[in-house]
Amino acid sequence: MRTRIVLQLRLHQLRLMFPVSRPRRLRTSPAIRRMVRETTISPDQLIYPLFVTNGTGVRTPIGSMPGCFQESVDQVVRHAQEVVGLGIPAVILFGIPRQKDEIGSSAYDDAEAVQTAVRALKDALPELMIITDVCLCEYTSHGHCGVVRNGDVDNDPTLELLAKEALSHARAGADMVAPSDMMDGRIGYIRQALDQNGFEKIPIMSYAAKYASAFYGPFREAAESTPQFGDRRSYQMDPANRREAIREVALDVEEGADIVMVKPALAYLDIIAEVKQSFDLPVAAYNVSGEYAMVKAAAERGWIDGDRVMLEMLTAMRRAGADLIVTYFAKDAAKLLQ
Ligand code: PBG
């Protein structure tokens with residue numbers, strides 16, 4: 001075919017049209033593709049979220065997040081054993097408390113689910129890194145991430161409560177705290193509270209650029225944290241803003257964050273890339289509940305290959321610059337990567 005075309009044209013200069021550079025040479029076999037692959041992903045970079053509730057023997061499936069559960073402490077320990085077995089170094093804990101009130105006081109109750117789980121996990125699996133999500137929305141009766149006054153979350157009184165929560169997690173033995181509330185100044189406030197109480201070695205992973213996203217839908221079922229009025233747009237970021245994300249991250253870095261997070265991940269790869277370029281701290285991405293649910297739902301219908309889409313998404317987050325990824329896919333991914 002090719003020879004025929006060349007003969008027909010017969011023009012010397014047209015023969016030069018065949019390419020000298022052939023990028024396909026480096027794609028011809030699995031071995032060469034492996035050798036020139038620019039982005040890698042391993043279980044080392046994954047953090048698995050767990051939802052802890054009170055009681056024993058509880059393992060309630062979360063409908064919109066197949067494979068995820070609300071679990072009592074005994075079940076969380078069993079689940080975490082599986083996570084460790086898969087080579088995943090860390091989990092992040094979310095709590096579903098016995099009771100909720102206006103100020104979310106269960107958040108700093110040393111006998112609540114998260115604190116109890118931290119103690120049990122440290123005991124059973126000392127090598128596992130335990131991160132705790134620090135926020136009030138799971139603990140307040142109105143479902144907002146802080147104290148509400150005149151229909152809005154009041155920033156400064158909320159800082160005090162967040163610091164109490166972080167201290168309670170640290171006392172239980174948490175290895176790292178992760179504030180996800182988006183109050184101004186909370187990283188500095190929590191850092192000081194930790195330091196003044198002898199927890200200067202506990203790092204803070206800050207949800208630094210957290211957007212007011214519709215992708216959190218399934219999580220609110222999982223953590224029972226849907227706002228009872230309004231939404232979170234007066235504290236979480238506007239999805240339209242890029243430069244503001246850099247300002248938010250810069251503030252958290254100044255205030256003492258050790259790891260900075262961008263959340264959600266998939267629709268915010270540009271933000272991950274820019275944060276990675278602008279700062280020299282490790283960058284985490286939160287591959288959120290809606291991103292997980294979309295893939296699971298489409299795969300269930302046979303519309304996409306769920307495993308391949310998952311790895312493609314996680315690879316894209318790494319390629320954009322994420323050093324760490326918080327993901328409900330952590331176990332699925334680790335199984336494929338083993
Ligand atoms: C708590 C919190 C949320 C998520 C993590 N921490 C929910 C929210 O802000 O509404 C979302 C995680 C996910 O969707 O997977 N503030």
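Biologist: Is Glu82 buried, partly exposed or exposed?

Modeller: Burial is set by relative accessible area: buried is under 20%, exposed is over 50%, and partly exposed lies in between, with a 1.4 Å probe and protein chains only. Glu82 counts as partly exposed because its relative accessibility is 33%. This is a predicted model: local features need pLDDT of at least 70, side-chain atom pairs count only at pLDDT 80 or more, and totals for chains, interfaces and linings use all residues. Residues are numbered from 1 along each chain as its sequence is written, and side-chain values use heavy atoms, with hydrogens and water left out.

Biologist: Which side chain meets Glu82 in a salt bridge?

Modeller: A salt bridge needs a side-chain nitrogen of Lys or Arg within 4 Å of a carboxyl oxygen of Asp or Glu. Here Lys331 pairs with Glu82 at 3.4 Å, N to O. The pair links distant parts of the chain, 249 residues apart: Lys331 is in helix α13 (residues 330-337) and Glu82 in helix α4 (residues 73-85). Helices (H or I, at least four residues) and strands (E, at least two) are DSSP runs, numbered from the N terminus. Lys331 is buried, with a relative accessible area of 9%. Glu82, Lys331 and Lys335 are linked in a salt-bridge network.

Biologist: How many salt bridges does the whole structure have?

Modeller: The search finds 15. Among them is Asp175 with Lys122, at 2.8 Å, N to O. That pair also links distant parts of the chain, 53 residues apart. Asp175 is in the loop between α6 (155-172) and β8 (176-179), and Lys122 is in helix α5 (residues 113-124). Lys122 is partly exposed at 22%. Another bridge joins Asp154 and Arg149 at 3.3 Å, N to O. Asp154 is buried at 18%, whereas Arg149 is exposed at 54%.

Biologist: Which backbone oxygen does the side chain of Arg318 reach at 2.8 Å?

Modeller: A polar contact is a pair of N or O atoms within 3.5 Å; within protein, one must be able to donate a hydrogen and the other to accept it, and residues adjacent in sequence count only if both atoms are side-chain atoms. The Arg318 side chain reaches the backbone oxygen of Thr40 at 2.8 Å. The backbone oxygen of Ala322 lies 3.1 Å from a polar atom of that side chain.

Biologist: Where is Asn54 found?

Modeller: Asn54 sits in the loop between β1 (46-53) and β2 (59-61). Its 17% relative accessibility makes it buried. Its side chain reaches the backbone oxygen of Ile96 at 3.5 Å and makes a polar contact with the side chain of Arg98 at 3.3 Å.

Biologist: How many aromatic pairs are there?

Modeller: A pair of aromatic rings is described by the distance of the centres and the angle of the planes. Rings of Phe, Tyr and Trp (its six-membered ring) pair if their centres lie within 6.5 Å; planes under 30 degrees apart are stacked, over 60 edge-to-face, the rest tilted. The count is nine. One cluster includes Phe51, Phe94 and Tyr207.
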